[in-house]
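User: I would like to go through this model with you and ask, point by point, what each label rests on.

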Amino acid sequence: MKKFLKASLAITSAFVILTGCTSEPAQTETEKQPVASENKSPDNEIFIYTVYPAFYAKEDIWEKQVGQYLKKKFPDLTFKHVQWDNPGRQYKDLIAAGTVPDIIIDNARMNLQRNILKNDLQYDMTDLIKKYNFDTSTLNPAAMTQMKNITPEGKIYGLPFQLSDFVLFYNKDIFDKFGVDYPKDGMTYDEIYELAKKLTRVEGENTYKGYQQHPGLYMTYNQLSLSPLSLTEDKAEMNTPGWKKEVDNLRRFYEIPANQFTSVDDFPKGKMAMSVHVTEKIVQWYEQNKNLNFDIAAMPSFADAPGVKAQPNLYSAYITKQSTKKDQAFQVIQYLLSEEMQINFAKEGIIGPLQTQKVQEAFGKNLPQMQGKHTQAIFYGKNAMPPAARSSGLTYIDVPVHGVFQPLIFGESKDSVTALRMIEESSTKAIQTEKAAQ
């Protein structure tokens, strides 16, 4: 069963790789070591450790987007930046050396539980938020709720830093070829399904797929605010009407003849009409095929939840318990979330938790690949709220929600209820194994 847990963690990491990131491997029991009692770096140094976004592995990108502004804003401080992807700089390495960062920036959904909490690095920032009059109500509500829902007491271990949101990409040439109107913001899955049927065609050696959306990402950041874990008991909870609705909604697309799931990343090849993926693909897919005639619209929503897109795919900023410079660290984070800095990020095509009109209008201004694209689709609607906090003391595992589709539905032709029940049962057993190991 330990193999099951490792596999679930690995595949969850693979989902994030699809969004353009690298992943932090699970720690083995021998890698888990007690952290240092405090951070003993120089008094004027703020040590910032980034795991996600992965592009900060390139120091020149960090310096361009973050470092230069921090040095100007805080001339009395020095900044040390280390990225997880650098050799010998994983969590276990820093902990073993007793060099705990002041600030950690990491994927909230994937790594808060299994790295920050398990290594006792967490610090409740609530008092600092009050001390510096930081208004969290200005931030993306779903992203902020996700940070508050880590514990039933509403402790705030981190603040939203950046988001990697989903949009609908569409190939204008395919729509024109078959005389179909382009998709618009605010369309439902039912409406997109009808388009997908019209656009899925086989013409000689050419197969045109109408619609692709990655099942793992779709399930992980589901728009129905479903939790794969029971909120009150130590068990998985997926064999429910809500999860069945979620699964049936997507599987019908892949039951359209010739529209079997292959890869959302085939879109740049020019034979796919629509694909749902993260906004970073606007630049990446343009670079892969500069002749691709495409634009974007808001991702589809459920008819009974109009305008509700995926839950936040969120990177957050944390202050460590061990930091001796918590006040300075908080002021740094507060500045990163200011409108000034959020506009700077937006110009580089980065979605932030602060989405004022000025921030939205600045989006992509520094990127020629985004010029002429309907970038306002990125800000259409609202993110689905994350599930409520689980009760205290419950065991956490990464439930492999991807497994419902692959292999159970795609590979073994299971019906939705059976696939959900099988993942629920295996995950509940994994929880019991984890509890026994503890």
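User: How many residue pairs are in polar contact between domain 1 and domain 2, and what makes a pair count as one?

Analyst: In this predicted model, the count between domain 1 and domain 2 is 11 residue pairs in polar contact, with both residues at pLDDT 80 or more. A pair counts if an N or O atom of each lies within 3.5 Å, one able to donate a hydrogen and the other to accept it. On the side of domain 1 that touches domain 2, α4 (108-117) and β13 (382-383) each supply at least two residues, and α4 gives the largest share, 3 residues. By class, that side of domain 1 has 8 nonpolar, 10 polar and 5 charged residues.

User: Why is the meeting of Glu434 and Lys118 called a salt bridge?

Analyst: The N to O distance between the side chains of Glu434 and Lys118 is 3.7 Å, and the cut-off for a Lys nitrogen and a Glu carboxyl oxygen is 4 Å, so the pair qualifies. Between domain 1 and domain 2 the count is 1 salt bridge.

User: What describes the extent of the interface between domain 1 and domain 2?

Analyst: The two domains bury about 2,200 Å² between them, with 58% of it on carbon and sulfur atoms. Of the area that domain 1 buries against domain 2, Gln369, Lys373 and Tyr380 supply 28%, more than any other three residues. Counted by contact, which here requires heavy atoms within 4.5 Å, 23 residues of domain 1 meet 24 residues of domain 2.

User: How do you know that β5 and β9 are paired, and which strands stand at the edges of their sheet?

Analyst: Pairing asks for at least two bridges between two strands; strand β5 (residues 166-171) and strand β9 (residues 274-278) are joined by 5 and run antiparallel, so they are a pair. Within that pairing, Val167 stands opposite His277 in β9. The open sheet has 4 strands in the order β8-β9-β5-β10, with mixed pairing. At its edges stand β8 (212-213) and β10 (294-298), and because each has a single partner strand, one side of each is left without a neighbour in the sheet.

User: Which backbone features would you check residue by residue, and where is Pro53 found?

Analyst: The peptide bond from Tyr52 to Pro53 is cis, with omega near -5°, and Pro53 is found in the loop between β1 (45-50) and α2 (59-73). The bond from Gln406 to Pro407 is also cis, with omega near 20°, but Pro407 is found in helix α15 (residues 405-409). Asp120, a residue other than glycine, has a positive phi near 60° and lies in the loop between α4 and α5 (126-131).

Technical notes. Residues are numbered from 1 along each chain as its sequence is written. This is a predicted model: local features need pLDDT of at least 70, side-chain atom pairs count only at pLDDT 80 or more; totals for chains, interfaces and linings use all residues. Side-chain values use heavy atoms; hydrogens and water are left out. Buried area is the accessible area (1.4 Å probe) that two parts lose on being put together, summed over both. A polar contact is a pair of N or O atoms within 3.5 Å; within protein, one must be able to donate a hydrogen and the other to accept it, and residues adjacent in sequence count only if both atoms are side-chain atoms. Ala, Val, Leu, Ile, Met, Phe, Trp, Tyr, Cys and Pro count as nonpolar, Asp, Glu, Lys and Arg as charged, and the others, Gly among them, as polar.
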